[in-house]
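Student: I would like to learn how to read a model like this one. Can you take me through it feature by feature?

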Amino acid sequence: MQKQAKKILKIIVWILTWIFAYFLLRHRLLGTLRGSIMTLSYFGTFIAGFFFSYSFTAGPAAALLLLFGHEQSLLFAGLAGACGAMAGDLVIFKFTRFSFKKDSEEISKTKTFKFLDKVARFFYKESPTAFKKYVLVLFASLIIASPLPNEVGVAVMSTSVNITTKQFVAISLVLNAIGVYLLLFIGKQL
């Protein structure tokens, strides 16, 4: 019962962060906070990118990237935000690769992981051998490039795929650049 209560609490906190993000974008009461953040310029964009990688801070970080997109050069803001998101992913990558060997065994017992494992096994059976190597990388890449929390994609890459840190940094930078540039572009249109 206590595990269930923790899960519910995490979901509630996650929802509250997205509500905060909405108010950050739209509500006048947070105008002073928004103005203070905007003075950080490209460093603020880097920080927003960094926090865009984490599920509990992705909402407010996305809101900030939308705001920065309206005010800053897309090229430089995109580079700063993508580098920040890549740095955030690198923290997750190093942490999961070296700290969560036992936890990955526990995660593999969850219903979500078992479902994803069944889907992957189906594709593995029906796919050519050369393609099988890249299914997990593709799956993890889609998660990292999307607005979904990067923790899942990074954890899959760090524990399931033989990938060096340099390779991961390059992949993460490109994938995060796609997501960050998309948010900045939308922000420019607002």
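The dialogue below goes from the overall fold to single residues.

Tutor: This is a predicted model, so local features need pLDDT of at least 70 and side-chain atom pairs count only at pLDDT 80 or more, while totals for chains, interfaces and linings use all residues. Residues are numbered from 1 along each chain as its sequence is written, and side-chain values use heavy atoms, with hydrogens and water left out.

Student: How many helices and strands are there in the protein?

Tutor: Start with the definition. Helices (H or I, at least four residues) and strands (E, at least two) are DSSP runs, numbered from the N terminus. Here the protein has 10 helices and zero strands. From the N terminus the order reads α-α-α-α-α-α-α-α-α-α.

Student: What share of the residues of the protein count as buried?

Tutor: Buried means under 20% relative accessible area, exposed means over 50%, and partly exposed is in between (1.4 Å probe, protein chains only). The areas come from the Shrake-Rupley method, and only the protein chains shown count as cover. Of the 190 residues here, 35% count as buried.

Student: What span is expected for helix 4?

Tutor: The expected span is 1.5 Å times one less than the number of residues. Helix 4 (residues 58-71) reaches 20 Å from its first C-alpha to its last, close to the 20 Å expected.

Student: Which residues of helix 10 are buried?

Tutor: First, the general idea. An α-helix has 3.6 residues a turn, so residues three or four places apart point the same way. In helix 10, the buried residues include Phe-168, Ser-172, Leu-175, Gly-179 and Leu-183.

Student: Where is Ile-163 placed, and is Ile-163 buried or exposed?

Tutor: Ile-163 sits in the loop between helix 9 (150-160) and helix 10 (165-189). Its relative accessibility is 5%, so Ile-163 counts as buried. Val-137 is 26 residues away in sequence and 9.5 Å away in space, C-alpha to C-alpha.

Student: Which lysines gather in the positive patch?

Tutor: Patches use residues with over 30% relative accessible area and no salt bridge; like charges are joined within 9 Å, and nonpolar side chains (Val, Leu, Ile, Met, Phe, Trp, Tyr) within 5 Å. A salt bridge is a side-chain nitrogen of Lys or Arg within 4 Å of a carboxyl oxygen of Asp or Glu. Lys and Arg count as positive, Asp and Glu as negative; His and the chain ends are not counted. Each charge is placed at NZ of Lys, CZ of Arg, CG of Asp or CD of Glu. Here Lys-3, Lys-6, Lys-7, Lys-10 and Lys-111 gather on the surface. Helix 1 (residues 2-26) gives the largest share, four residues. Lys-111 lies in helix 7 (residues 111-126). Lys-111 is exposed, at 77% relative accessibility.

Methods:
Areas by Shrake-Rupley, 256 points an atom, 1.4 Å probe, with all protein chains shown as cover.
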